[in-house]
Amino acid sequence: MNFWQILAQLATGAGYTILVTVACIATGLVTGLLVALLTRLRLRALDRLLATYTYVFRGVPVLVLLFLVYFGLPGLGLNVPPLVAMMLSLGLIAGAYLAEVFRGAFASVDPDEIMAAEAMGMSRRQILLAIELPQMLRFAVPGMLNEFTTVLKYSPFAYTVGLPEIMKQAMALAATTLRGLEIYLAIGVLYFGIYKLMLFLVRAIERRYAVPGFIRL
Amino acid sequence: MALLEVRKLVKAFDGKAVLDGVDLDLEEGQVKVIMGPSGCGKSTLLRCINRLTEPTSGQVIFRGEDVTRPDTDVRALRQRIGFVFQNFALYRHLSALDNIKLGLRKLRAMSEQEATSRAEHELRRMMMQDHGAKYPAQLSGGQKQRVAIARALAMDPAVLFFDEPTSALDPHMSREVVALINQLYLDNVTMLCVTHDVFLARHISDRVLFLDHGCVRAEGDADHLLEDHEDPHIRAFFGRETQGQ
């Protein structure tokens with residue numbers, strides 16, 4: 001079995017890696033956006049709750065939270081499927097980090113533009129959705145890409161809850177062939193390939209929505 | 001009846017009065033200029049009138065209605081007052097055309113086609129019809145100013161406020177703004193303009209109000225106020241300004 005054959009065999013697990021990564025990024029994006037938008041609206045009733053979420057979830061290790069969800073919750077009668085457990089652990093942790101990325105990007109929106117919209121008679125919600133959000137998302141691309149990459153790199157934890165992603169396949173293959181060097185090197189190549197694909201997609205979206213001369217002030 | 005009457009308007013920040021009992025009248029079709037030293041409360045006065053800043057006390061009567069009352073629909077009030085900011089404050093992620101369309105779509109609930117047609121009309125009025133697709137970063141200062149004015153005019157306001165409209169422009173562009181404001185005056189647009197620019201004040205309005213330490217120190221026709229007012233403080237202020245031009 002040569003290196004290319006190893007690579008081809010491991011690539012069959014790449015679908016699961018991509019599935020876990022995309023599901024966790026989607027969870028993180030939805031949660032992070034929701035938290036950042038609600039924080040931006042300065043709703044007193046929710047402020048403490050949102051701050052606690054970002055504070056706690058940024059401080060808990062992914063593996064601990066994953067085990068808590070997957071192995072802990074069944075003790076309370078809640079059986080969580082592996083993919084959902086990944087979303088509730090890695091996804092929500094990514095959401096907490098993304099909420100902070102978005103908070104920083106929101107702070108870069110020019111206050112004068114917000115005041116101009118207020119002076120025009122627009123409501124807080126209209127300003128948030130029509131002016132602040134589109135600008136914020138453009139500012140947040142580098143931070144988002146960092147977080148997406150982190151999610152990809154944490155996705156191998158999925159093997160601990162039984163998802164047959166690349167890492168799981170590699171460990172099984174290494175146990176039967178004892179060719180760890182080629183196998184783990186192949187894993188590195190596959191992860192790098194997925195990273196490049198993600199980078200390509202994000203950059204394509206960034207280019208699609210690029211605005212001439214639009215920079216952080 | 002005046003379009004706008006400001007009565008004993010006070011605005012204090014941390015107990016310090018920035019506006020200390022300002023009275024002002026603005027008639028329909030009139031262009032009035034507010035001048036005064038930096039920090040005298042000129043911009044705060046504009047922001048208090050449309051309640052971007054909440055006045056501490058006093059009244060603002062807009063077309064006979066006291067708009068400082070707590071039950072005033074502030075958003076409706078703001079839609080009747082066009083505001084052109086010192087640094088233009090165009091939305092940087094939107095093209096010139098979309099900057100104008102945004103308010104029409106969101107506040108006037110116009111269809112895409114109606115809003116585009118109205119925005120194009122306003123751009124033509126400002127001689128900016130060839131620049132609709134450009135983004136703010138691709139426009140010069142004077143062009144941004146024109147788009148900002150078009151954006152305000154598109155909402156069909158009862159009055160247009162200018163906050164230091166020439167402070168970010170070179171002398172050539174400042175003269176263009178003078179011509180523009182005079183054109184709007186001929187179109188019967190009511191305007192209230194805060195400025196430091198003596199050239200602008202002299203060429204757009206006969207009535208100048210001089211604000212100092214939050215109070216109206218003088219009001220009169222431009223030539224009298226800018227040239228030979230009896231108050232030595234005002235004479236000194238404009239003397240320095242004229243030398244600096």
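## Surroundings of B:Phe161

Leaving aside residues up to four places away in sequence, B:Phe161 touches B:Leu46, B:Ile81, B:Gly82, B:Phe83, B:Val84 and B:Leu192, where contact means that the C-beta atoms, placed from the backbone, of two residues lie within 7 Å. The model is predicted, so local features need pLDDT of at least 70 and side-chain atom pairs count only at pLDDT 80 or more, while totals for chains, interfaces and linings use all residues. Residues are numbered from 1 along each chain as its sequence is written, and chains are lettered from A and ligands numbered from 1 in the order in which they are written.

## Nonpolar cores

B:Phe161 is also, with B:Val84, B:Ala148 and B:Ala150, among the residues that touch the most other members of the largest nonpolar core, which has 77 residues. Such a core is a set of buried Ala, Val, Leu, Ile, Met, Phe, Trp, Tyr and Cys residues joined through C-beta atoms within 7 Å, and a residue is buried if 20 or more other C-beta atoms lie within 10 Å of its own. Helix α5 (residues 141-154) of chain B gives the largest share of this core, seven residues. Because domain 1 (1-25 + 33-38 + 47-74 + 205-245) and domain 2 (80-180) of chain B both contribute residues, this core lies between them; the domain bounds come from an automatic or database domain assignment.

A second, separate core of 50 residues includes A:Val101, A:Phe102, A:Ile183 and A:Ala186.

## The sheet of chain B

Six strands of chain B form an open sheet with mixed pairing, in the order β6-β7-β8-β3-β9-β10. Strands β6 (81-84) and β10 (215-221) of chain B each have a single partner strand and stand at the edges, so one side of each lacks a neighbour in the sheet. Strands here are DSSP runs (E, at least two residues), as helices are (H or I, at least four), numbered from the N terminus, and two strands pair if DSSP finds at least two bridges between them.

Strand β7 (residues 159-163) and strand β8 (residues 191-194) of chain B run parallel and are joined by four bridges, with B:Met191 in β8(B) as the bridge partner of B:Leu160.

## Contact between the chains

Between the two chains, 20 residues of chain A are in contact with 21 residues of chain B. On the side of chain A that touches chain B, α6 (111-120) and α7 (124-139) of chain A each supply at least two residues, and the largest share, seven residues, comes from α6(A).

Conventions
A residue is buried if 20 or more other C-beta atoms lie within 10 Å of its own, exposed if 12 or fewer, and partly exposed in between; C-beta atoms are placed from the backbone.
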